[in-house]
Amino acid sequence: MRTLIRWAARLYPAAWRNRYAAEFDTLLDDISPSLGDLCGVLGDVLRVRATTSIDACLMLAPVSPMNLRLPVVVSMTAHALIITIVLFAVWGHVTTMPLHLVAPLPPPTPDPPPQVTDARVFPNALTLYSSLPLRMSPQGDAQGLYVTDGVGINFLSLPDIGATYRQGNAEWRVWPGHTLEGFIVQRVLPEYPRGTNTRGAVSVFVEYLITRDGFVKVLRTSGPTPFTSAAQSAIERCVYRPLEYENRRCEVISRVEVRFESEFAQSGMQR
């Protein structure tokens with residue numbers, strides 16, 4: 001590339017070369033020239049030649065449109081031809097960037113069907129605890145439905161509703177579970193434990209904490225071990241939007257009853 005630029009510099013007028021040639025060569029040795037530098041030199045040669053031609057015409061010939069235009073046209077044509085030849089010569093040395101084709105991504109994995117608790121477990125419950133979508137899909141598609149047979153969740157009446165508990169620097173407020181329904185982002189429902197021989201209904205009472213980030217931590221459970229484990233595992237995988245009280249994020253305690261009914265669970269397994 002330096003050789004091509006030095007060759008292009010020879011196109012400057014003799015007066016320019018006598019004055020700037022040494023300085024130009026020194027500057028060229030200190031840089032790593034590129035194709036853009038070559039084009040810049042050729043463009044400057046064209047400008048200097050055109051300016052020199054006009055000045056020469058003004059000094060040596062009578063002023064007339066023909067005297068001004070003819071040298072400029074000849075100089076422009078000659079230098080345009082030189083630039084074209086140089087670009088064609090350099091073109092073979094330019095490395096072409098490889099073309100990388102990106103394969104299309106596979107379609108997303110479909111979401112699991114929405115879940116609802118078994119309404120037969122708490123037939124008199126006022127609110128059905130479910131994981132149905134909080135908003136309908138834009139297309140209005142019908143949603144599949146999966147019922148967790150033999151499992152029901154009851155929102156308990158909390159005698160200390162609205163109370164505030166402090167433990168160290170932490171401050172917890174007691175809110176009933178049904179008021180938190182609109183804040184749920186991800187809900188996981190308990191499933192009836194497999195391999196248990198318990199007959200009838202089993203109730204598990206769960207006290208849980210929703211942190212400032214919306215995650216759930218079970219504080220206490222009451223009930224037989226396999227059922228408390230099923231209830232705790234599901235509830236701790238739920239996620240809520242951060243809750244606020246008086247424009248500040250807060251942590252909330254709530255309590256629910258999870259009831260497991262063996263008769264309904266077995267009927268679901270037989271289907």
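**Burial, pairing and packing**

User: Is Arg-212 buried, partly exposed or exposed?
Analyst: Burial goes by relative accessible area (1.4 Å probe, protein chains only): buried is under 20%, exposed is over 50%, and partly exposed lies in between. Arg-212 comes out at 36% relative accessibility, so its class is partly exposed.

User: What kind of model is this, and what is left out of the side-chain values?
Analyst: This is a predicted model, where local features need pLDDT of at least 70 and side-chain atom pairs count only at pLDDT 80 or more, while totals for chains, interfaces and linings use all residues. Residues are numbered from 1 along each chain as its sequence is written, and side-chain values use heavy atoms, leaving out hydrogens and water.

User: Which residue forms a salt bridge with Glu-251?
Analyst: A salt bridge needs a side-chain nitrogen of Lys or Arg within 4 Å of a carboxyl oxygen of Asp or Glu. The closest N and O atoms of this pair are 3.9 Å apart, and the partner is Arg-212. The pair links distant parts of the chain, 39 residues apart: Glu-251 is in strand 12, and the loop between strand 7 and strand 8 holds Arg-212.

User: Which strand pairs with strand 3, and how many bridges join them?
Analyst: Strands (E, at least two residues) and helices (H or I, at least four) are DSSP runs, numbered from the N terminus. Two strands pair if DSSP finds at least two bridges between them. Of the 5 residues of strand 3 (residues 151–155), 4 are buried, so the rest of the structure largely encloses this strand. Strand 3 runs antiparallel to its partner and is joined by 5 bridges to strand 12 (residues 251–261).

User: Which residue meets Arg-255 in a salt bridge at 3.0 Å?
Analyst: Arg-255 is itself buried, because its relative accessible area is 18%. Its side chain forms the salt bridge (3.0 Å, N to O) with Asp-160. The pair links distant parts of the chain, 95 residues apart: Arg-255 in strand 12, and, in the loop between strand 3 and strand 4 (164–167), Asp-160.

User: Which residues are linked in a network of salt bridges?
Analyst: The count of salt bridges comes to 8. The linked residues are Asp-160, Glu-207, Arg-220 and Arg-255.

User: Within what arc do the buried residues of helix 5 fall?
Analyst: The buried residues of helix 5 (residues 225–235) are Phe-227, Thr-228, Ala-230, Ala-231, Ala-234 and Ile-235. They line one face of the helix, because seen down its axis they fall within an arc of 160 degrees. That arc is taken from the directions from the helix axis to the C-beta atoms. So the value is 160 degrees.
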